[in-house]
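The paragraphs below lead from the interface to the sheets and hairpins.

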Amino acid sequence: MGHEPIRSLELRGITKRFPGILACDHIDLSVGEHSVRALVGENGAGKTTLMNILMGLYQPDEGRILLNGSEVRFRSPNDAFDHGIGMVHQHFMLVQNMTVAENVALGMKSSHRPFRLDIGAVRKRILEVSERHDLPVNPDALVWQLSVGEQQRVELVKTLCLGARFLILDEPTSALTPQETDELIALLSKMSSELSIVFISHKLHEVKALSDTVSILRRGRIVFEGRTEDQTPADLAALMTGHDVELPRVDSGGAERPVGTGMLSIRELCVKGDRGNLALDGVTLDIAPGEIVGLAGVSGNGQREFAEALNGLRGVDSGSILLDGAQIAGRCAGAVIGEGMGYIPEDRNTEGIVPSFSVRENLVLKDIGGEPWSKAGFLRLGAIADNANDLKERFDIRCPTTDTAAGSLSGGNIQKVILARELARGPKALVAVYPTRGLDMGAEEFIHKQLLARRSEGVAILLISEELEEIMNLSDRIAVIYKGKILKVVPGKDASKRSLGLLMAGVVDE
Amino acid sequence: MNAGSFVLNILILGVPFSVALLLAALGETINQRAGIFNLGCEGIMAMGAFVAFLPPFFMAGTPQAPFANLIGLVLAIVVGALLGILFALVVVTFRAPQGIAGIGLQMLGWGVAGTLFRHYVGGVTGVAGIAAFPIPGLSRIPVLGQILFNHNPLVYLAFLLVPVFWYVLFKTPWGLKVRAVGTYPRAADSLGIPVARVRYQALALGGAMAGLAGAYLSLAQAKMFADDLIAGRGFIAVALVYFGRWNPVGVMVGALLFSLAQALQLSIQVAGIDFPYEFAVMLPYVLVIVVLALVRKARMVGPTELGKPFDREQRV
């Protein structure tokens with residue numbers, strides 16, 4: 001069934017509602033043979049929902065799907081596979097404790113014999129596909145032992161093994177290093193001579209590099225459709241957000257800071273990870289008042305442990321951390337906060353806020369035990385409410401009322417709540433971990449401006465991120481972390497994507 | 001009594017003791033591999049024990065009596081599977097918290113079995129039950145024959161099911177699906193595997209095994225029914241699945257270990273060894289706790305989504 005080539009695929013009037021949200025609003029989209037269509041838009045614009053409808057994972061409330069001109073209905077992903085459509089999801093759909101072959105077998109119905117799984121046939125198919133498309137994978141490796149880049153390759157091979165001739169890629173580069181991203185882009189453009197590809201992304205330079213045509217989604221509607229080469233990244237960004245976007249940049253010219261006057265001084269810091277491994281291995285770093293130091297690295301190289309140790313959330317094995325001269329290494333989180341540390345944690349929903357508490361409660365959470373928010377063991381509700389209204393204005397937190405549960409806000413607004421709480425306390429130093437991860441460009445712009453404003457007020461900021469663009473735009477100096485060690489610290493203005501990417505992969509060449 | 005026959009006795013007692021645990025725990029292994037822990041195992045065992053007991057009890061002396069045990073076993077399996085499906089309805093379809101739902105099922109099974117028993121049967125009454133079936137030839141082997149080949153047919157069945165379950169879990173398409181929906185249901189869903197249906201199937205099989213385990217207790221081990229016949233074995237079975245790292249072979253090792261400790265404590269009492277009997281009775285349970293505490297936390301073995309309901313349209 002369905003071995004005819006896919007000459008065209010059309011979506012007509014697709015509409016999907018979730019409780020309270022119109023995720024897709026009468027979307028029309030058509031993709032031809034052997035072409036790469038980029039689908040771009042901010043978070044929550046409806047890109048992933050649309051593709052899940054195309055895969056049969058969601059059922060549309062309205063609208064039709066036409067394949068080579070005739071209407072099809074996909075009730076489950078099986079129907080989509082049968083018609084040669086395959087999707088690589090943003091979050092890898094790989095069962096970690098199974099082998100590569102077992103993961104492919106899961107979807108390869110032809111290997112499901114009665115009372116027996118024909119794993120030999122699966123292995124053979126994997127090797128065929130990986131040879132044909134130049135995607136080396138080991139069918140017998142356990143998925144959890146593979147790197148993120150390798151897992152991405154497995155996902156591609158899996159989708160191709162299941163017979164996909166029409167490939168949907170949902171933010172495929174979001175977990176990759178710059179080098180891995182370049183390789184993937186090159187690979188995909190080669191594959192596009194045989195396949196049709198829909199490429200979902202909000203990284204505009206990737207869209208430019210790979211796609212022939214581009215569709216832009218905003219709030220569930222297609223707002224633009226056209227040839228990619230006619231648009232500049234700035235045009236695309238403006239179309240995506242609905243206004244001109246210019247991410248601010250740091251101006252670190254001139255001011256050479258004397259060494260050793262760190263507001264935050266870290267010396268030979270060693271910290272253990274969850275599995276007892278040495279996650280941080282002798283890290284030394286100084287951050288001066290009014291300086292942003294970017295910590296670049298592929299996630300999982302000790303960033304999380306570093307941030308937790310700096311904030312009293314993780315024990316310190318050896319070494320010292322001085323915040324404005326006070327030793328904070330190994331002290332509890334309350335003491336560290338008391339010394340003037342601010343923290344934007346990696347996981348905003350579980351660490352940054354208490355989701356079931358209201359916005360106003362979350363905004364005073366760090367100082368709830370004392371003046372001015374409580375007195376003699378009672379909360380001063382009036383002061384708490386006034387504070388919330390004030391911060392709501394200043395930080396442009398969009399919520400119905402400050403009594404709304406913080407967890408019901410969008411990611412960008414949750415991040416603003418956290419930012420407002422941390423910055424309103426007037427910290428001496430700030431640790432920001434992936435502060436814009438998953439946020440759209442509007443929110444990103446706001447957060448970047450806030451960070452730069454604090455910098456000019458003399459706050460020492462450690463910015464941990466995987467986004468090189470973000471790090472290069474904001475940092476006075478950039479430290480690259482690899483396997484728990486700082487490989488190199490370079491001035492922000494001298495850094496290039498290529499040199500940082502190599503360092504992030506552990507390559508130090510002088 | 002000399003030391004040799006003391007040890008032999010423990011082994012001869014321990015093997016059949018392990019069967020009820022082994023059957024229930026094999027079923028629970030499938031449940032948990034599919035991502036669902038069924039604390040109601042104890043209740044299903046009580047129902048299985050009760051319904052299996054009925055045919056031999058009421059058919060005693062009739063011409064159909066020879067088939068009574070078989071009818072009882074089938075009944076226990078069917079009732080067990082139905083209770084498994086009931087549990088699936090609650091935790092898969094309605095996404096109720098599994099721990100609470102399981103405790104509910106345990107109390108339901110225990111209460112219904114006990115009430116019906118008192119109403120229709122009354123006091124403690126024995127049945128003929130399933131007789132031992134020494135395997136010709138093999139049972140004559142000195143020592144080994146007595147330990148392994150001189151039991152009722154369900155004992156052999158239980159141990160034969162260990163490799164069968166291992167094969168099903170690791171070498172068949174269904175086993176692959178079960179493992180996938182227990183570890184990463186979203187991935188299974190993205191490949192068109194019906195997550196809820198696979199979980200229903202797993203729970204039906206697990207329930208059937210728990211029912212069979214209960215039937216073993218009433219028909220083969222105790223040859224009677226009483227309110228507290230199961231005595232926590234359903235909960236031990238759940239613990240044994242963790243102990244055995246979700247692998248049928250590991251589960252068997254656990255069941256044997258626990259049962260040998262049980263046999264040891266009985267033998268201590270029977271032999272009149274001067275040891276406080278309360279402590280002897282505690283021994284197997286203490287052993288389970290100690291072993292569970294010591295088991296190495298192996299990475300990436302078990303079902304990582306254990307206990308979590310799956311909702312495709314829940315946004316992540």
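Predicted model: local features only at pLDDT ≥ 70, side-chain atom pairs only at ≥ 80, totals over all residues.

Across the interface of chain A and chain B, 6 residue pairs are in polar contact, both residues of each pair being at pLDDT 80 or more; a polar contact is a pair of N or O atoms within 3.5 Å, where within protein one must be able to donate a hydrogen and the other to accept it, and where residues adjacent in sequence count only if both atoms are side-chain atoms. By class, the side of chain A that touches chain B has 18 nonpolar, 11 polar and 7 charged residues, where Ala, Val, Leu, Ile, Met, Phe, Trp, Tyr, Cys and Pro count as nonpolar, Asp, Glu, Lys and Arg as charged, and the others, Gly among them, as polar.

Residues are numbered from 1 along each chain as its sequence is written, chains are lettered from A and ligands numbered from 1 in the order in which they are written, and side-chain values use heavy atoms, with hydrogens and water left out.

The contact (heavy atoms within 4.5 Å) takes 36 residues from chain A and 25 residues from chain B. The size of an interface is often given as the accessible area lost when the parts come together. Here chain A and chain B bury about 2,600 Å² between them, 62% of it on carbon and sulfur atoms; buried area is the accessible area (1.4 Å probe) that two parts lose on being put together, summed over both. Of the area that chain A buries against chain B, A:Met93, A:Asn97 and A:Leu106 supply 22%, more than any other three residues. The two chains also share 1 salt bridge, a term for a side-chain nitrogen of Lys or Arg within 4 Å of a carboxyl oxygen of Asp or Glu. In this salt bridge the side chains of A:Glu102 and B:Arg179 meet, at 3.0 Å from N to O. Which helix gives the largest share of the side of chain A that touches chain B? That share, 5 residues, comes from H3(A), where helices (H or I, at least four residues) and strands (E, at least two) are DSSP runs, numbered from the N terminus.

Turning to the sheets, we find in chain A an open sheet of 6 strands with mixed pairing, in the order S6-S9-S10-S3-S11-S12; two strands pair if DSSP finds at least two bridges between them. Strand S6 (85–88) and strand S12 (221–227) of chain A stand at the edges, each with a single partner strand, so one side of each is left without a neighbour in the sheet. Neighbouring strands of this sheet are turned by 15° against each other on average, direction ignored. Strand S11 (residues 213–218) of chain A runs antiparallel to S12(A), the two being joined by 6 bridges, and A:Ser215 has A:Glu225 in S12(A) as its bridge partner. Helix H8 (residues 233–241) of chain A packs on the sheet, where it touches strand S3 (36–41), S11 and S12 of chain A, and its direction makes about 30° with that of S11(A); axes are lines fitted to C-alpha atoms, for helices over the stretch in contact, and angles run from 0 to 180 degrees between N-to-C directions.

Over all chains, the structure holds 38 salt bridges.

Another open sheet of chain A has 4 strands in the order S14-S13-S16-S17, with antiparallel pairing. Its edge strands, each pairing on one side only, are strand S14 (278–287) and strand S17 (326–327) of chain A. Strand S13 (residues 264–272) and strand S16 (residues 318–323) of chain A pair over 5 bridges in the antiparallel sense, and A:Ile266 has A:Ile321 in S16(A) as its bridge partner. Helix H9 (residues 303–310) of chain A packs on this sheet and touches S13, S14 and S16 of chain A, its direction making about 120° with that of S13(A).

Finally, consider two hairpins of chain A. S4(A) and strand S5 (residues 70–72) of chain A pair in the antiparallel sense over 3 bridges, and in their hairpin, which has 2 residues between the strands, A:Asn68 takes a positive phi near 50°. Strand S23 (residues 477–482) and strand S24 (residues 485–491) of chain A run antiparallel and are joined by 6 bridges; their hairpin has 2 residues between the strands, and A:Lys483 in the turn has a positive phi of about 50°.
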